[in-house]
Amino acid sequence: MAAIFVAATRHVAPLMRWPSDLTIPFDGWLNGILNSIAGLDSFGGLTVRDATRAVGAVIAQPAEFLRALLATGFTRGFGEQQVMVFPSISWLSLVLIIIIACYRKGGAGLAAFAAMTCLYLLVFGLWASTITTLAQLAVAVPLSLLLGFSVGLLVFRFRSLEGVVFAVLNQMQTIPLFAYLVPIIMFFGIGTTAGILAVVIFAAPPMVRATVFGLAEAKAQYAELAAAVGATPAQALWKILLPAAQTSLRLGLNQVIMLAFATVILAALVGAQGIGYEVLTALQRLAIGRGLVAGLAITLTAILFDQFLQSKGSPRFSGRWIIGIAVVVTLIPWLLSSKFPQLDAYPRAWTLTTTRGIDDLVDFIIQISYVPISFVQSVLVVLVFSPLKALLLGLPWFSVAAGVFVLSWKTASLTRAFVLGGLVALIAATGFWDRAVLTFYLCFAGSIIALLVGFPLGILSARKPKVGRFILPLADTFQTLPAFIYLIPVIMLFGSGDVPCIVAIAIFAACPAIRYTAAALLSLPTSLVEVGVQIGATPWQRLTIIELPAALPGILLTIAQVALMALAMVVVTALIGTTDLGQLILLSISKANSGQALMAGICVAIIGVVVDGLLTDKANQINARRRST
């Protein structure tokens, strides 16, 4: 039926374009609202913008203090008049403390990995940049945890808020973080504070969900115990429920830290210094070698933190020994640094300041792969991507809205159909329709490739446990990498344009495709699999006739997750040359156009809501039919 609507409206496409004179200036309205808020008098003659920037200066102070203490030292004056007042902690002290902490927490293996990571950062001259980033995260992560835990606690206390809060969080995470950068700059300026707040916005939501989920599970198990011992609500919360919810809370902590590392490059767009700035400048200058080195530094640091948090630890040293060793390894190099400057700052002569070898290797790879990659790229563009792009751009907005309406009506309800169809019409009303279609085109093409790769690997991981023990952890590791890292190899091999963007999206979205496909198959009842064995079906027949149809709801949710990951990545790919909503957001950042950035971000979120809504409704419909039969 949806196809009939599309075919019927194609013949009257010129009439179905949203009239330009009827475009609703949502971006202008948002700009006006934000500027009005920023200019409001708060107190003492200060505007809201003045007040927020004053608060921002306070937020940045702990990060600047840690940066000075651990990397740059405390100085006085500016320029040539700058004088060192107090040196920073010796790099050797920090390295030894990190190794000792990792040995106590995770054993010799983790300590060796920590030593290798520190050596890598020192040798490639990235130590100070990484410490700067860690100083910012030392402020951003606690703020994210505090905010997420507080909101989660509030939702748990007043469960009527759960639907509203989770809906808001879902939309906040669907809107690209790029869209929040301009309002952050407007109210807090450019620099460390803006970078910290960008991390907080992106990293706090998982802690909200982890808190609510953990406390709800703990309450279901221990509510009767709390009542039996006569605990007050506060005592039950702090002495029974929170300790019981530690596993979920630790998972929330892990997710916050991983997302914080994934955001450090994005924070560089608003003036935050650190390792993210190294990657961003390398991308802008197409310095592939330096970008790979800096990107790997983020990856190694994120993996080290992840492994440290996941390690259960063992009492290899007592508390007093740890304190004593920490004092010794901190003070001795610090005190000797006045006589031995090499202990104060890692000598520049000991670093590799050039990535010439990596650049030469990149050039060699490009030379030997240019002809086959160019051929495949040209074939894909001519036969697949260009026709698909032209087809999607040729669809009038009304036909798309009508198709979404009919599909939603068939799988859910009339109310749901009006909501999803109305959201599609809203995109057309903003005047961003063509850019939104280009965004969908890039996501659709990347998602198809990701599914073509992810489905077979996910099935293989579920059917072959030995293979799964290798593929699934590898997919999880790749998913922890910052999205920007994927841009470096695709720029190296494909240059700029649609094809590298699609490839980057496919690589990024393939990881959840593998994980969710394997989970959908592994969650099937063992009795269902045994039926296939008993009737003598071959492995291929069991997979295609029994297991995949039974796992269809989970597979639909897999497709929805892949689509959302593709949307998260498509905005990042704007850095390597697209003309979609992502590029519009980047242009808005350069022009400080907050309203346009937010409205473009909302359009990206609408695409995600519509795609996720259609697939989720279909999965729910299948489950409902199965329950009824």
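1. In this predicted model, aspartate 498 is partly exposed, with a relative accessible area of 23%, and its salt-bridge partner is lysine 389, the closest N and O atoms of the two being 3.1 Å apart. Lysine 389 belongs to helix α19 and aspartate 498 to helix α25 (residues 498-522), so the pair ties together parts that lie 109 residues apart in sequence. Lysine 389, at a relative accessible area of 24%, is likewise partly exposed.

2. Arginine 416 and aspartate 617 form another salt bridge, with 2.8 Å between the closest N and O atoms, and this pair links distant parts of the chain, since arginine 416 sits in helix α21 and aspartate 617 in helix α30, 201 residues apart. Arginine 416 counts as partly exposed at 31% relative accessibility, whereas aspartate 617, at 9%, counts as buried because it falls under 20%.

3. Within helix α4 (residues 48-72), arginine 67 and glutamate 64 are three residues apart and therefore separated by about one helical turn; they form a salt bridge whose closest N and O atoms are 4.0 Å apart. In the whole structure, the search finds four salt bridges.

4. The second largest pocket has a volume of about 850 Å³, and of its 31 lining residues the closest to the centre are Val400, Phe440, Phe444, Val611 and Leu614. Helix α22 gives the largest share of the lining, nine residues, and the lining divides into 28 nonpolar, two polar and one charged.

5. A nonpolar surface patch, with about 630 Å² of accessible area together, is formed by residues including Phe375, Val376 and Leu380. Phenylalanine 375, found in helix α19 (residues 356-394), counts as exposed at 58% relative accessibility.

How values were computed: Residues numbered from 1 in each chain as written. Predicted model: local features only at pLDDT ≥ 70, side-chain atom pairs only at ≥ 80, totals over all residues. Heavy atoms only, no water. Patch = residues over 30% accessible without salt bridge, like charges linked within 9 Å, V, L, I, M, F, W, Y side chains within 5 Å. Areas by Shrake-Rupley, 256 points an atom, 1.4 Å probe, with all protein chains shown as cover. Salt bridge = Lys/Arg side-chain N within 4 Å of Asp/Glu carboxyl O. Helix = DSSP H or I, 4+ residues; strand = E, 2+ residues; numbered from the N terminus. Buried < 20%, exposed > 50% of the residue type's maximum accessible area, 1.4 Å probe, protein only. 1 Å grid on protein atoms, 1.4 Å probe; cavity = no way out; pocket = protein on both sides within 12 Å on 5 of 7 lines; lining within 4 Å. Points joined across faces, edges and corners; volume = space filled by probe spheres on them. Nonpolar A, V, L, I, M, F, W, Y, C, P; charged D, E, K, R; others polar.
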